[in-house]
Amino acid sequence: MLIRESVPLAPHTTIGLGGPARYFCEIRTEEDVREALALARERNLPLQILGGGSNVVFADAGFPGLVAKMSIGEMAFEPGRGNAVEMTAGAGVDWDEVVAAAVECGLSGIECLSGIPGTVGGTPIQNVGAYGQEIADTLIEVDCLDRAGMMRVTFDREACRFGYRTSRFKKADRDRYVVFAVRLRLRRDVRPVLRYPELAAAVGRRGGIEQGDPPAAVRLVRETVRELRKAKSMLLDPSDPNTRSVGSFFMNPVIPERAFRELVNGWHASGGRGDPPGYPDGGNVKVPAAWLVENAGFGKGYRRGGVGTSSHHALALVNYGGTTGELLALAQDIERLVLERFGIRLEREAVVIPG
Ligand SMILES: Cc1cc2nc3c(=O)[nH]c(=O)nc-3n(C[C@H](O)[C@H](O)[C@H](O)COP(=O)(O)OP(=O)(O)OC[C@H]3O[C@@H](n4cnc5c(N)ncnc54)[C@H](O)[C@@H]3O)c2cc1C
């Protein structure tokens, strides 16, 4: 395994920010992971696992240890029980290639997750989700190496402790496990379920999922999702400067109903028009963070120095040629003003490294 020195990290991220890694290597096998971990321990260096770099922001100073980029490839489909098909993919496989392959085979279960950047190994970390689907819906298990004892472990769905944009890998056990592979259960000959009104309406405009056979319906949903994402600059596109981001920088806050009523009352008392949006979420209310960010004074296309918000989505903080310092200063100001104005503490979805 080749270990390189002083490797710029910005090109390994979608937001294009961050200084160099002191050391950098590519992981293609389990043996490579063990070797990288042993080297880091020997030299007393921190080790950071990197996937597709679509949810990370590295410091301007870079990373003072070894960055190990996951490139474990391969993907396989095996028949399961009934109409189930089990798909196993290595951590380094591009996620959207997996979705494309599944859709090509007429398999349903992950079509709404089309167009999410990054690797397979990154998907369980924050339980990626979009348009009414999340990886937890189809995940069977995750194969990992426990960095603490250098032991292989397999977590089933329950053991991953998935939640909204979170899991044990993101919170309690951050950086403890290296994901090697993910196993999903997909379905053959089953029409997709459309839980997200915006997607259902867009699919309806294109003829609906009842037309044609189930594989055609799965293809239609993938195409529609990609189209919707492109319109919001949520599909990576080198010609679209809005996509130099990590997607949503903040999570949508989920607050008690009482707090939501206070938000509505406070908004009206301050002369706000209409009602703040809120969606029922298991006895609580999910408030779109984009609404909070925009109404705290950071509308779509807001610019400050070399950073700002996407002109299509206020929740995506964009690097327009700035620095991590500028981006984090903007994020802090947004957090402060949302708290002052609405009494809601925003939580970051993006991973800032070093944390
Ligand atoms: C334009 C755009 C749109 C996006 N849209 C969505 C969306 O709709 N829904 C959504 O959920 N996310 C979205 N994201 C965020 C991001 O794409 C996902 O979170 C993705 O799964 C991150 O995967 P990655 O491989 O790029 O991980 P990285 O960004 O490389 O890493 C993220 C974290 O995961 C850890 N990690 C990555 N791989 C491994 C591994 N093999 N083992 C252990 N730890 C690992 C890293 O250490 C880091 O802590 C979007 C991002 C962009 C840029």
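**A loop and its surroundings**

Reply: N44 is exposed, with a relative accessible area of 69%. Keep in mind that this is a predicted model. N44 sits in the loop between α1 and β3. Its backbone stands out: N44 has a positive phi of about 60 degrees, yet N44 is not a glycine. Most residues other than glycine have a negative phi. E74 shows a positive phi too, near 80 degrees, and E74 is not a glycine either. Look for E74 in the loop between β5 (63-70) and β6 (75-79). E74 is exposed, at 70% relative accessible area.

Now step back to the domains. There are three: domain 1 (4-70), domain 2 (75-231) and domain 3 (241-353). The C-alpha centres of domain 1 and domain 2 are 26 Å apart. Their contact draws on 13 residues from domain 1 and 15 residues from domain 2.

How much area is buried between domain 1 and domain 2? About 1200 Å², with carbon and sulfur atoms giving 57% of that area. On the domain 1 side, E30, R34 and M70 lose the most area to domain 2. Together these three account for 36% of what that side buries.

Polar links cross this boundary as well. Five residue pairs are in polar contact between domain 1 and domain 2, both residues being at pLDDT 80 or more. The most comes from α1, with five residues. The salt bridge count between the two domains is one. R152 pairs with E30 in a salt bridge, and the closest N and O atoms are 2.8 Å apart. Side chains of opposite charge can pair when their charged atoms come close.

Move on to helix α3. In α3 (residues 197-205), L199, A202 and V203 are buried. Seen down the axis of α3, the buried residues fall within an arc of 100 degrees, so they line one face of the helix. The face turned away from that buried side carries the exposed residues P197 and R205. What covers the buried residues? The cover includes α4 (214-231). Just after α3 comes G207, with a positive phi of about 110 degrees.

K232 pairs with E198, with 3.0 Å between the closest N and O atoms. K232 lies in the loop between α4 and β14 (254-256) while E198 is in helix α3, so the pair ties together parts that are 34 residues apart in sequence. K232 is partly exposed at 23% relative accessibility. E198 is partly exposed too, at 33%.

Another salt bridge joins D237 and K230, at 3.2 Å between the closest N and O atoms. D237 counts as buried, at 18% relative accessibility, whereas K230 is partly exposed at 48%.

Further along, K286 and D281 form a salt bridge, with the closest N and O atoms 3.9 Å apart. R304, D333, R336 and E340 are linked in a salt bridge network. The whole model counts 24 salt bridges.

The peptide bond joining I353 and P354 is cis, with omega about -5 degrees. P354 belongs to the segment after β20 (351-353). Most peptide bonds are trans.

Methods:
Residues are numbered from 1 along each chain as its sequence is written. Side-chain values use heavy atoms; hydrogens and water are left out. Buried means under 20% relative accessible area, exposed over 50%, partly exposed in between (1.4 Å probe, protein chains only). Helices (H or I, at least four residues) and strands (E, at least two) are DSSP runs, numbered from the N terminus. The arc is that of the directions from the helix axis to the C-beta atoms. Contact means heavy atoms within 4.5 Å. Domain bounds come from an automatic or database domain assignment. Buried area is the accessible area (1.4 Å probe) that two parts lose on being put together, summed over both. A salt bridge is a side-chain nitrogen of Lys or Arg within 4 Å of a carboxyl oxygen of Asp or Glu. A polar contact is a pair of N or O atoms within 3.5 Å; within protein, one must be able to donate a hydrogen and the other to accept it, and residues adjacent in sequence count only if both atoms are side-chain atoms.
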